[in-house]
Each structure stands twice: as structure tokens, then as C-alpha cells.
Amino acid sequence: MARRLTEFPQAQGQKKYPWDEWLDGDPIELVPGEDFTAKTTTMIANARLQAKRRGGEVRTRIMGDGEQERVVLQFRQSR
């Protein structure tokens with residue numbers, strides 16, 4: 001039987017990562033396997049999309065020390 005909802009449900013995956021926290025303007029370092037499960041390049045593409053949705057852009061850098069790759073993000077509001 002049909003059921004009325006009080007609000008429209010979020011699509012699955014929209015809340016997978018804490019984008020509001022990560023894109024607060026401070027630089028943040030993310031570790032694959034700990035902070036995200038996607039490929040590094042996919043994560044950077046997602047960060048750019050999330051930044052655009054928030055009216056800005058994101059600086060990115062892939063860092064590595066030979067053992068562990070990391071992604072550094074920093075959100076900037078568009079002028």
C-alpha cells in the first residue's frame with residue numbers, strides 16, 4: 001500500500017562522505033582506505049563537483065611518501 005512521507009529521501013551515497021566538514025576552507029589530508037574508498041582520481045573529481053555545488057572550487061594535491069598516497073583538499077569560495 002502507498003505510504004506518505006514527511007520529506008523526500010536522500011539518494012544513497014549522498015551522505016557517504018562528510019563534504020561539509022571537508023570543504024570548510026581549511027586544508028585537509030585524506031587517506032585512501034581510511035577516509036574514502038573510491039579511486040584517488042574519482043575522489044578528486046567528486047571533490048570538484050561538491051565544491052561547485054557549494055559555489056566554489058577546490059585545490060587538490062596528491063601526496064605520497066613511497067608507502068601511502070594521500071589527497072589534500074582545500075575549498076575556496078568563488079568570487
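Me: Is aspartate 20 buried or exposed?

Reply: In this predicted model, aspartate 20 has a relative accessible area of 59%. Over 50% counts as exposed, so aspartate 20 is exposed.

Me: Which residue forms a salt bridge with aspartate 20?

Reply: The general idea comes before the case. Side chains of opposite charge can pair when their charged atoms come close. Here the partner of aspartate 20 is arginine 54, and the closest N and O atoms are 2.9 Å apart. The two belong to distant parts of the chain: aspartate 20 sits in helix H1, arginine 54 in the loop between H2 and S2, and 34 residues separate them. Arginine 54 has a relative accessible area of 27%, so arginine 54 is partly exposed.

Me: How many salt bridges does a search of the whole structure find?

Reply: The search finds three. Another of them joins the side chains of arginine 70 and glutamate 29, at 3.0 Å from N to O. This pair also links distant parts of the chain, with arginine 70 in strand S3 and glutamate 29 in strand S1, 41 residues apart. As for accessibility, arginine 70 is at 15% and counts as buried, whereas glutamate 29 is at 45% and counts as partly exposed.

Me: Which side chain meets glutamate 57 in a salt bridge?

Reply: That of arginine 76, with 3.3 Å from N to O. Glutamate 57 lies in strand S2 and arginine 76 in strand S3, 19 residues apart, and the pair links distant parts of the chain. Glutamate 57 counts as partly exposed at 43% relative accessibility. Arginine 76 counts as partly exposed at 40%.

Me: Over how many bridges do S1 and S3 pair?

Reply: S1 and strand S3 (residues 69–77) pair over three bridges, in the antiparallel sense. Glutamate 29, the salt-bridge partner of arginine 70, stands opposite valine 72 in S3.

Me: Aromatic rings next. How is a pair of aromatic rings described?

Reply: Two values are used: the distance of the centres and the angle of the planes. In this structure, a search of the whole finds three aromatic pairs. One of them is tyrosine 17 with tryptophan 19: the ring centres are 6.0 Å apart and the planes stand at 85°, so the pair is edge-to-face. Tryptophan 19 also pairs edge-to-face with tryptophan 22, at 5.3 Å centre to centre and 80° between the planes.

Me: Where do tryptophan 19 and tryptophan 22 lie?

Reply: Both are in helix H1 (residues 19–22), three residues apart, which is about one turn of the helix. Through ring pairs, Tyr17, Trp19 and Trp22 are linked into a cluster.

Me: Are tyrosine 17 and tryptophan 19 buried or exposed?

Reply: Tyrosine 17 is at 12% relative accessibility, so tyrosine 17 counts as buried. Tryptophan 19, at 5%, counts as buried. Tryptophan 22 is buried as well.

Me: Which residues of the largest nonpolar core touch the most other members?

Reply: Trp19, Met43 and Leu73 do, in a core of 14 residues. At least two residues of this core come from each of H1, H2 and S3. H2 gives the most, with four residues.

Me: What does leucine 73 touch?

Reply: Not counting residues up to four places away in sequence, leucine 73 touches a set of residues that includes Trp19, Ile28, Ala47 and Val58. Asp26 is another of its contacts. Aspartate 26 is in the loop between H1 and S1, and with a relative accessible area of 48% aspartate 26 is partly exposed. Leaving aside neighbours within four places in sequence, aspartate 26 is in contact with Leu73 and Gln74.

Methods
Residues are numbered from 1 along each chain as its sequence is written. This is a predicted model: local features need pLDDT of at least 70, side-chain atom pairs count only at pLDDT 80 or more; totals for chains, interfaces and linings use all residues. Side-chain values use heavy atoms; hydrogens and water are left out. Rings of Phe, Tyr and Trp (its six-membered ring) pair if their centres lie within 6.5 Å; planes under 30 degrees apart count as stacked, over 60 as edge-to-face and the rest as tilted. Buried means under 20% relative accessible area, exposed over 50%, partly exposed in between (1.4 Å probe, protein chains only). Two strands pair if DSSP finds at least two bridges between them. A salt bridge is a side-chain nitrogen of Lys or Arg within 4 Å of a carboxyl oxygen of Asp or Glu. A nonpolar core is a set of buried Ala, Val, Leu, Ile, Met, Phe, Trp, Tyr and Cys residues joined through side-chain atoms within 4.5 Å. Contact means heavy atoms within 4.5 Å.
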